Amino acid sequence: MKLLYVFLLGMSICFANPTWANTKHKPVNKHHKITHPSHHRNASKTTHLASNVNFSHKNIRKTPIYGDNQLADEINYIINTSKASNDAAIAVYVKSMSQGDTLYTRNIYHPFIPASTLKVLTAEASLLFLGPEYRFSTQLLTDAKSIKDGVLQGNLYILLSGDPSLTYDDLEDLLLSLKKQQIQTISGNVYIDFTAYDQDFYGPGWDWKDRKYCYGAPISGSIINHNCLSLAISPTSAGQSAHIVRSDKYFYPAIRNSVVTKSKSMRACSLRLSTGSRGSIDLDGCMPSGRYVWGLSYVIADIPEYNRALFSDLLRHLSIRVQGNVLLASAPRHLSFISSHDSKPLKLLLSDMMKKSDNVIAEALFKKISQLYNRRPGSWQGGTYAVTQILSTRIGVDTRGMRILDGSGLSAANLATPSQMMQVLNYAFHHSTNDVFISALPIAGVDGTLKHRMGNIARKVHAKTGTISGVISLAGYALAANQEPLAFVIMINGSKGLAWRYREMEDKIATALTRYER
């Protein structure tokens, strides 16, 4: 049995929409709720941050920083006086987006583990290759020549595209289109095709522990509800079985519940969540009696079996009879179209990916680029080649020494230099994808992974965060005191357990950039 994990839901995070000012720039609780877990623009124009700011932290230095030398002194002071700087490799790169000059450099050609700032590269490669209006499409196809008396005279093919936003509700709506066409029976088989991507579901270098969590869910041609299910378990009377709470948003395989409610005084209670031999969710252990409900997240480990069970159940639920079997197979060419479900456009998917640091979206885009660029099932190796080529040929990034093994930055084996990251930020700011790219970034003090950071300079920093064990990074844009847009990259590869100190250093450097004047 494969041990998965129990995730106690402690909070819900609300994300706000970004706010941008586009201008011409001159050169100078106790109730339980189940939640889902874890353009072309003229070159003379630039996009920058809104500058109306209310400083909320009295201990932040507000005096202007005049010129490059003072800025360098300030950044050096922040780094040298940090208690976390002695045991860490630190890189900082600051460049003006209006003047084009470099304002500060430190270790910019040294390769660093980027963590989730790698999504900056994935996002821009996706915009350049797929386009901001690209949509994933899930299709119903058939080889039947006719529908007679409500019977589809042939086989039904469900063509999955690796859409990271696809949900159970979307699939239900898609299959309802059969009923709208008066199809009540399928005379042949139902074939599920998720060969858009290969069968290597986990990225190179992913820690095996990450696979137990929703952010490390398997990346397949079939991604349904992020391949992660939310459920809850509530106590009953002492000595009785605990109660499983399901959500209508998900399809659950069989759940075997052996969790017993214990008295409140019982402290040594824990849950074990695992996958049974036939894909069932097995729960055992104990929980204390009382009013508290525990939220659980279950990563789908057996993708093929889950697909067979889901579509078999959904067809039964919709009263569509299948005279054959529900099987897994590639769809042949030259099939007839029945219906499709399209995802929201890439520009909106990127906003979710960047603001929430959504790994599943990033990895699906990585494999989709691989599939379409190489014209074969999307793979990790194919994504490495395709994204590297796009960055090199379309942007001119010097990719020597760059190692892109996945699209999210979850792998600790990824490597990129601050210089390479800056090349992408510079290109994204000045070219046709700038509105989409910059709007997708988290906004300091407002939304995404920066919602609770840098409230003292709210809205003046738009940047992608990055965090894995021992790694903290931040890359994006800041608005200087004179409204000059600056791009910056901060990469810190250090020790485990010091993330909060590294973030503190990042926030101080970003704040210093907003005080800069020429």
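## Salt bridges in a predicted model

Glu74 and Arg515 form a salt bridge through their side chains, with an N to O distance of 3.3 Å. Glu74 belongs to helix H1 (residues 67-80), while Arg515 sits in the loop between helix H10 (499-514) and strand E25 (516-517), so this pair ties together parts that are 441 residues apart in sequence. Glu74 and Arg515 are both buried. The model is predicted, and a search of the whole structure finds 12 salt bridges. Three of them, including the pair above, are listed here.

| Pair | N to O distance |
|---|---|
| Glu74 and Arg515 | 3.3 Å |
| Arg308 and Glu305 | 3.5 Å |
| Glu484 and Arg518 | 2.8 Å |

Arg308 is partly exposed, at a relative accessible area of 30%. Glu305 is also partly exposed, with a relative accessible area of 30%.

Glu484 is in the loop between strand E23 (471-479) and strand E24 (485-493), and Arg518 is in the segment after E25, so the contact ties together parts 34 residues apart in sequence. Glu484 counts as buried, at 0% relative accessibility, whereas Arg518 counts as partly exposed, at 42%. Through salt bridges that share partners, Glu484 and Arg518 are joined with Asp101 into one network.

Terms used:
Residues are numbered from 1 along each chain as its sequence is written. This is a predicted model: local features need pLDDT of at least 70, side-chain atom pairs count only at pLDDT 80 or more; totals for chains, interfaces and linings use all residues. Side-chain values use heavy atoms; hydrogens and water are left out. A salt bridge is a side-chain nitrogen of Lys or Arg within 4 Å of a carboxyl oxygen of Asp or Glu. Helices (H or I, at least four residues) and strands (E, at least two) are DSSP runs, numbered from the N terminus. Buried means under 20% relative accessible area, exposed over 50%, partly exposed in between (1.4 Å probe, protein chains only).
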